[in-house]
Amino acid sequence: MKSYPNWHQIWRELATISNERREARLEHGIEDRWHRDAKQFHQRVLDRWQKPDSSRQLVLDSLDQTPNATILDIGTGSGSWACMLAPHALHVTALDISPAMIDFCRQQVDAAGLNNVTTRVGGWPLTKVEPHDISLCAHAMYGYPDLEVYVRAMQAVTRKRIIMLLRAPNLKGMMAQAAQLVFGHPFDSPNFHIAYQILWGMGIAANVVMEDGSLWKPWRSDSLEESLDEMKSRLGIGDSHQYDDQFKQLLVANLRQEGDCWVWPAEIRTACVYWDI
């Protein structure tokens, strides 16, 4: 009999690796990793939003179908989604675990003159909120080890529609090949491919809209050795040299040089996953 992957376990293990990697990069004594990067994060969002995308259009269409909706924005970050959605909604609750991000979000809300956005510091799913018509989570679920618990909590406070944006990497790409060597599967991080299997197992037949023709901006490294360190760090094996030779072969075959910079292949797009309650 064919055995199926334990999708919950894969998500949990990769979320743990992601969290450990983020914690290792924190400055000594600083708990909020966004304390000095909120502005740069916001600029990256603005750069991506220079082009139209199907995810934003789907969310706006959802608001057109739900007049005077209340929206819960989980992991609001710098507040780009909250500020974009507020003019089309009755009220937006912008929630984020980072005080620095919430401070920046408040600045954006005030600058836009919005009076229907409430900002709150808190992590999901531990923070209690009142029911909303629509719950949105854009790339904020990757650090939580139990995706089913995360989603069940969203369902409990959502009246009409849940929308989740997740990264969808190429399962034949360079990082997928590296993950296959280390883990025996092509998943290098928590992502759409794993999440959809978990949702399906929960009895949720979610709709999916893939970003069309818009891949994430590729990563860049200053050297081949830095690229190797980055790959190992992302896979949680920074102290091991077991796969160095295979990784170097992958990097040389897939990276391109631009002057003194090594450019990674663009392998990730956004999947917009949504379903009605």
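This is a predicted model: local features need pLDDT of at least 70, side-chain atom pairs count only at pLDDT 80 or more; totals for chains, interfaces and linings use all residues.
Residues are numbered from 1 along each chain as its sequence is written, and side-chain values use heavy atoms, with hydrogens and water left out.

Helices (H or I, at least four residues) and strands (E, at least two) are taken as DSSP runs numbered from the N terminus, and two strands are paired if DSSP finds at least two bridges between them. Three strands form an open sheet in the order β7-β9-β8, with antiparallel pairing. Because β7 (220–221) and β8 (256–258) stand at the edges with a single partner strand each, one side of each is left without a neighbour in the sheet. Strand β8 is joined by three bridges to the antiparallel strand β9 (residues 261–263), where Trp262 stands opposite Gln257.

Two packed helices are described by the angle between their axes and the distance between the axes. Here, axes are lines fitted to C-alpha atoms, for helices over the stretch in contact, and angles run from 0 to 180 degrees between N-to-C directions. Helix α7 (residues 174–183) packs with α10 at an angle of about 170 degrees, the axes being 10 Å apart; α7 and α10 are therefore roughly antiparallel, a term applied to angles over 145 degrees. In this contact (heavy atoms within 4.5 Å), Met174, Gln177, Ala178, Leu181 and Val182 of α7 meet Gln246, Phe247, Leu250, Leu251 and Asn254 of α10.

Helix α10 (residues 244–254) also packs with helix α9 (residues 224–234), at an angle of about 115 degrees and with the axes 10 Å apart. On the α9 side, Leu224, Glu225, Ser227, Leu228, Met231 and Lys232 meet Asp244, Phe247, Lys248, Leu251 and Val252 of α10.

Side chains of opposite charge can pair when their charged atoms come close. The structure holds ten salt bridges, each defined as a side-chain nitrogen of Lys or Arg within 4 Å of a carboxyl oxygen of Asp or Glu. One of them links Glu230 with Arg21, the closest N and O atoms being 2.6 Å apart. Glu230 lies in helix α9 and Arg21 in helix α1 (residues 7–24), so the pair ties together parts that are 209 residues apart in sequence.

Two loops carry the backbone features. The peptide bond from Trp124 to Pro125 is cis, with omega near 10 degrees, and Pro125 is found in the loop between β3 (117–121) and β4 (132–138). Asn68, although not a glycine, has a positive phi of about 55 degrees and is placed in the loop between α3 (54–65) and β1 (70–74).

Terms used
Angles under 35 degrees count as roughly parallel, over 145 as roughly antiparallel, 65 to 115 as roughly perpendicular and the rest as oblique.
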